[in-house]
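I opened this entry to keep track of what I looked up, residue by residue and then for the chain as a whole.

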Amino acid sequence: MSIEYTKEYFIAKFSEIPEEKWCTRVMTSSDGRHCAYGHCGARVVCDDTPESRAFAELFGKIENADVNDGKDPRYKQPTPKQRILAALRDLP
């Protein structure tokens with residue numbers, strides 16, 4: 001059985017991850033926190049998983065790292081989790 005990586009899938013997934021498990025500027029921090037992409041299994045650039053590839057494709061032209069890190073002016077929520085969830089909800 002394959003998983004369908006939809007907008008709704010990622011909203012549900014990220015909603016369950018506690019705020020303190022998120023980080024910015026890196027995929028995985030030394031204390032085990034992750035950015036959105038890292039929460040999808042990627043640990044370094046070009047080390048994609050099927051889930052991280054699907055997440056990147058879903059975001060399309062929006063740079064998910066900029067949203068995660070608070071650099072996208074459209075998403076100024078106070079935490080990476082809140083910014084990523086807001087951006088996902090804005091996707092068609």
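Is R25 buried or exposed? I looked it up in the model, which is a predicted one. R25 is exposed, because its relative accessible area is 69%, and the cut-off for that class is over 50%. I placed R25 in the loop between helix 1 and helix 2. I then checked its backbone: phi of R25 is near 70°, a positive value in a residue that is not glycine. I noted this angle because most residues other than glycine have a negative phi.

**Entry: the loop around H34**

I stayed in the loop that joins helix 1 (7-15) to helix 2 (36-39), where H34 also sits. H34 has a relative accessible area of 13% and is therefore buried, the cut-off being under 20%. Next I listed what H34 touches beyond four places in sequence: K21, W22, C23, M27, T28, H39 and R43. For T28 I looked at the side chains, and the one of H34 makes a polar contact with the one of T28 at 3.0 Å.

**Entry: C35**

I moved on to C35, again in the loop between helix 1 and helix 2. Which class does its accessibility give? At 8% relative accessibility, C35 counts as buried. I found C35 touching W22, C23, V26, M27 and N68, with residues up to four places away left out. W22, C23 and M27 had already come up as contacts of H34. I also took a C-alpha to C-alpha distance from C35 to T24, which gave 5.9 Å for a pair 11 residues apart in sequence.

**Entry: S29**

S29 is one more residue that I looked up in the loop between helix 1 and helix 2. Its relative accessibility is 13%, so S29 counts as buried. What does the side chain of S29 make a polar contact with? I found the side chain of D31, at 2.3 Å. I also took the C-alpha separation of S29 and R43, which are 14 residues apart along the chain, and got 9.9 Å. R43 is also among the contacts of H34.

**Entry: S52**

S52 is buried, with a relative accessible area of 0%. A polar atom of the S52 side chain lies 2.7 Å from the backbone nitrogen of T49. Setting aside neighbours within four places in sequence, I found S52 in contact with Y37, C40 and A42.

**Entry: helix 5**

How many residues of helix 5 are buried? I got 8 of the 11 in the run 80-90, so I wrote helix 5 down as mostly covered. The buried residues are P80, K81, R83, I84, L85, A86, A87 and L88. I then asked what they pack against, and found helix 1, helix 2, helix 3 (50-59) and helix 4 (64-69).

**Entry: the whole chain**

I finished with the chain totals. The secondary structure comes to 5 helices and 0 strands, in the order α-α-α-α-α from the N terminus on. I compared the radius of gyration with the globule rule: for 92 residues a compact globule would be near 12 Å, and the chain has 12 Å, which agrees. The C-alpha trace spans about 35 × 30 × 25 Å along its principal axes.

I noted that 42% of the 92 residues count as buried. Among contacts with a separation of 6 or more, 48% come from residues 24 or more positions apart. The chain exposes about 5500 Å², and carbon and sulfur atoms supply 52% of that area. Last, I looked at the charges: there are 14 positive and 15 negative ones, and their mean positions are 4 Å apart.

Key:
Residues are numbered from 1 along each chain as its sequence is written. This is a predicted model: local features need pLDDT of at least 70, side-chain atom pairs count only at pLDDT 80 or more; totals for chains, interfaces and linings use all residues. Side-chain values use heavy atoms; hydrogens and water are left out. Helices (H or I, at least four residues) and strands (E, at least two) are DSSP runs, numbered from the N terminus. The radius of gyration is taken over C-alpha atoms; the globule rule is 2.2 Å times the number of residues to the power 0.38. Buried means under 20% relative accessible area, exposed over 50%, partly exposed in between (1.4 Å probe, protein chains only). Contact means heavy atoms within 4.5 Å. Accessible areas come from the Shrake-Rupley method with a 1.4 Å probe; for residues, only the protein chains shown count as cover. Lys and Arg count as positive and Asp and Glu as negative; His and the chain ends are not counted. The place of a charge is taken as NZ of Lys, CZ of Arg, CG of Asp or CD of Glu. A polar contact is a pair of N or O atoms within 3.5 Å; within protein, one must be able to donate a hydrogen and the other to accept it, and residues adjacent in sequence count only if both atoms are side-chain atoms.
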